[in-house]
Amino acid sequence: MSGHPEGRAEQGGGLLEIRDLMVVFDGFKAIDGVDLTVGEGELRFLIGPNGAGKTTLIDVITGLTRPTSGTVTFAGASLAGRKEHQIVRLGIGRTFQTSVVFEELSVLENLDLAASFRRPLPSLLRRRRGVAAEVAAALETIGLQDLADRPAGILSHGQRQWLEIGMLIAQGPRLLLLDEPVAGMSKDERERTGELLTEIARDHTVIVIEHDMEFLRRYASTVTVLHEGSVLVEGDVAAVQADPRVQEVYLGRKKEEAA
Ligand SMILES: Nc1ncnc2c1ncn2[C@@H]1O[C@H](COP(=O)(O)OP(=O)(O)OP(=O)(O)O)[C@@H](O)[C@H]1O
Ligand SMILES: [Mg+2]
């Protein structure tokens, strides 16, 4: 499908490089000196307790939030000062914690609309016949072919999340940022999503925010743990899980929840 062989040519470091990032909201350090490198083709999981700064980090990468200081470099280009739509055009796509599908449009129309974001204006004005290749490919990847002509409003929660992921893929990004894609899903839906992420990661770089350790054990390779705006630990799932600092952060939270 949409491979990006040209990306391998970038010298040395990662596809995404974040250095000494700070985000301060009214004196509160939401991101406090984050360094993060994600290589082309990685499926990286980002975890951490509520308020750790996970969504803020994605907001900075996608141009929604301006960093107070530090740098974000994507495919060798600085993202400083770039607007959200420019960052999408550079090849970074994201989902939000809340849904953005158009309920009255069909599954296919939602995918087509997302894909049209990358098309040059003249082709938008021309009436197309049939389904564009990137739209058909995205539909197949998310496995919603049987629901292609149904309004998105009838989708189950899980199907809607897959549609959103499909809408990103249809835009042909190199890097996908997914904010808690399995939140609120059933066990079966989680499993299908894990498989979907694994498949997508074959020809994309993917960063997934997720809390669920069980899900991580099954699908993650490298995990970055954020805590109070800083990277606490980074490594493979087993090492991260065994790390006493991670256990403290998560067990401390469990105790609070139990209380
Ligand atoms: N626009 C904002 N203005 C002020 N404070 C903010 C803003 N956005 C986030 N914060 C604060 O920054 C901290 C990090 O928030 P963030 O949403 O990034 O956490 P998170 O790790 O995504 O948490 P969750 O797991 O709950 O989604 C929180 O304390 C939050 O209240
Ligand atoms: Mg969040």
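How far is an oxygen atom of ligand 1 from an N or O atom in the side chain of threonine 56? The distance is 2.5 Å.

The model is predicted, with local features requiring pLDDT of at least 70 and side-chain atom pairs pLDDT 80 or more, whereas totals for chains, interfaces and linings use all residues. Residues are numbered from 1 along each chain as its sequence is written, chains are lettered from A and ligands numbered from 1 in the order in which they are written, and side-chain values use heavy atoms, without hydrogens and water.

View 1. Besides the threonine 56 pair, an oxygen atom of ligand 1 lies 3.0 Å from a polar backbone atom of glycine 53. An oxygen atom of the ligand is also 3.2 Å from an N or O atom in the side chain of histidine 211. The protein buries 62% of the 640 Å² that ligand 1 exposes when taken alone (Shrake-Rupley method, 1.4 Å probe).

**View 2. The shell around ligand 1 (residues with a heavy atom within 4 Å).** Ligand 1 is surrounded by 14 residues, the closest being Asn50, Gly51, Lys54, Thr55 and Thr56. Helix 1 supplies the largest share, three residues (helices are DSSP runs of H or I, at least four residues).

**View 3. The crossing of helix 3 and helix 6.** The axes (lines fitted to C-alpha atoms over the stretch in contact) of helix 3 (residues 107-116) and helix 6 (residues 157-170) come within 7 Å and cross at roughly 35 degrees. Contact (heavy atoms within 4.5 Å) involves residues including Leu111 of helix 3 and Met167 of helix 6.

Notes: Polar contact = N/O pair within 3.5 Å; in protein donor to acceptor, adjacent residues only side chain to side chain. Helix = DSSP H or I, 4+ residues; strand = E, 2+ residues; numbered from the N terminus. Axes fitted to C-alpha atoms, helices over the stretch in contact; angles between N-to-C directions.
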